[in-house]
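Hello,

Here is the structure I promised to hand over. Please open it first, then read my notes below.

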Number of protein chains: 2
Amino acid sequence: MNKPIGVFDSGVGGLTVVRELSKKLPNERIIYFGDTARVPYGIKSKSTIIRFSLENILFLLKQNVKMIVVACNTSSSIALPIIKRHFSIPIVGVLVPGVKEAVFSTKNKRIGVIGTKATIGSGAYQKEIKKLDSQIKVFAHSCPLFVPLAEEDWLNEESTKDIVKKYLSYFKKAGIDTLILGCTHYPLLKSVIHKFMGKRVRLIDSSEQVALETKHILARAGMLSNKRRKNFKDTIYVSDESDSFKEIAKRILGSKFKNIIKKNNV
Amino acid sequence: MNKPIGVFDSGVGGLTVVRELSKKLPNERIIYFGDTARVPYGIKSKSTIIRFSLENILFLLKQNVKMIVVACNTSSSIALPIIKRHFSIPIVGVLVPGVKEAVFSTKNKRIGVIGTKATIGSGAYQKEIKKLDSQIKVFAHSCPLFVPLAEEDWLNEESTKDIVKKYLSYFKKAGIDTLILGCTHYPLLKSVIHKFMGKRVRLIDSSEQVALETKHILARAGMLSNKRRKNFKDTIYVSDESDSFKEIAKRILGSKFKNIIKKNNV
């Protein structure tokens, strides 16, 4: 089936998912929507996150996509469990693939989760982990300063190390061996988080897992594209074309994204 | 004239302006709109900031206000100079009153300005200061981490001191004697900024100045309310009722705001 895959995120962090999808599914065309005019979602209420997520799905459906990938952890945690059943096409979020990988990875059955206030407050990660293995102890904490730190590109600053220590000491004390990076921006801070948590703690970044899950879903449903894709034909829609969006998109995708941006007012 | 005064901000920081207006103009009724569903504005593009600001003004006009106060520094810097002339009622932003006070206050003619990326990038503060006194040297820098730090309520943390040092060393070296806090959230960090900058640097928080300016404008136009206001009758509209909004609103206004919140979907 040669229709495109739709992907959305509250901003541009979800482009990491686009990058992984392109690697794992080189024949698929992708349409991305980043809600950069209303970013971030993680500090907002449940009803607003659900409303924004629905609007994003309806926009992608109009682009005639065959499947939707929710690259935003906040939307995946709060909106997806409630709205998924209303749609007939497959919709997959970053939460379940990340949780599966973490449950598979842990040896001492102690998993940590970090994310936005809304994601952690929803308890969605905690619930999903317990569903797969009720023996696992889950430790969760929100890290609101990680997103602006990543956007400032302060990767080696003293203040970044201080903040990482302040947020993550809890997990070190808890003795976890697996930490889910439950926000698309956090992988940008991976090296400083890794340095603090140490070699024995595995960091789970869901973007690779969600790309594999997408491949499985399409394969099972016989919906994989059968055409070879020529050149780079993905389309990126954003609701706001700010300079910082362009900067971060370039950091994630390289310079090739330049000619494929379109505006979608919300 | 007994119509209300309209006030808007990208979020809840502008409630500090409401607090000052209530003190200086105890007879006036206020209608506030905080665009909490799309907050923050300071990382977004010029055209989006103008569009949001226009929508907020149109919403307040529908509430039959006699004057509009733009409590958001980003809107005041980017949208106001362009859209102000299209409206017949008085519209005042936080920029000009803050600048007047700073120019009045400086002795060594070296003024610093901090604000969001959009505010500083627009050059609006720099231009306005030069217009009043071309001899003054202006130093400007954006401080994107100050808003999330204030929202985390990390007022005495080591990391906060580090970040303050990182952003403000530039101003210390420049030898300024006046610093404009060009974002409604920054006064929440006043004590740590004051500690770092020292006693000789005066911090300008525009909320008091804009309240005075509002009073002058209404008085000159003969538009002051002539009725004594009974009880607390202001109305606060928000586009998202998140928990963090309630928490910060409570920090600014005390508990009395509770029964006056209304929802306005954007």
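**Domains of chain A**

Chain A is divided into domain 1 (5-93 + 208-263) and domain 2 (96-206). These bounds come from an automatic or database domain assignment. This is a predicted model, in which local features need pLDDT of at least 70 and side-chain atom pairs count only at pLDDT 80 or more, while totals for chains, interfaces and linings use all residues. Residues are numbered from 1 along each chain as its sequence is written, and chains are lettered from A and ligands numbered from 1 in the order in which they are written.

The centres of domain 1 and domain 2 of chain A, taken over C-alpha atoms, are 22 Å apart. Their contact takes 24 residues from domain 1 and 22 residues from domain 2. Two residues are in contact if their C-beta atoms, placed from the backbone, lie within 7 Å. On the domain 1 side, α3 (73-78), α11 (206-220) and α12 of chain A each supply at least two residues. Helices here are DSSP runs (H or I, at least four residues), numbered from the N terminus. That side divides into 10 nonpolar, 10 polar and four charged residues. Ala, Val, Leu, Ile, Met, Phe, Trp, Tyr, Cys and Pro count as nonpolar; Asp, Glu, Lys and Arg count as charged; the others, Gly among them, are polar.

**A helix pair**

How do helix α1 and helix α12 of chain A pack? Helix α1 (residues 15-24) and helix α12 (residues 243-253) of chain A meet at an angle of about 25 degrees, with their axes 9 Å apart. Axes are lines fitted to C-alpha atoms, for helices over the stretch in contact, and angles run from 0 to 180 degrees between N-to-C directions. So α1(A) is roughly parallel to α12(A) (angles under 35 degrees count as this). L15(A), T16(A) and R19(A) of α1(A) make the contact with A249(A), I252(A) and L253(A) of α12(A). Four of these contact residues are nonpolar, one is polar and one is charged.

**Chain A and chain B**

The contact takes 22 residues from chain A and 21 residues from chain B. On the chain A side, α9(A) gives the most, with five residues. That side holds six nonpolar, five polar and 11 charged residues.

A rotation of 180 degrees with 0.0 Å of shift along its axis superposes chain A on chain B (RMSD 0.0 Å). The relation is therefore that of a two-fold axis. The copies are superposed by least squares on the C-alpha atoms of residues with pLDDT of at least 70 in both. In chain A, R38(A) comes closest to the rotation axis, at 2.2 Å (C-alpha).

Best wishes

How values were computed
Angles under 35 degrees count as roughly parallel, over 145 as roughly antiparallel, 65 to 115 as roughly perpendicular and the rest as oblique.
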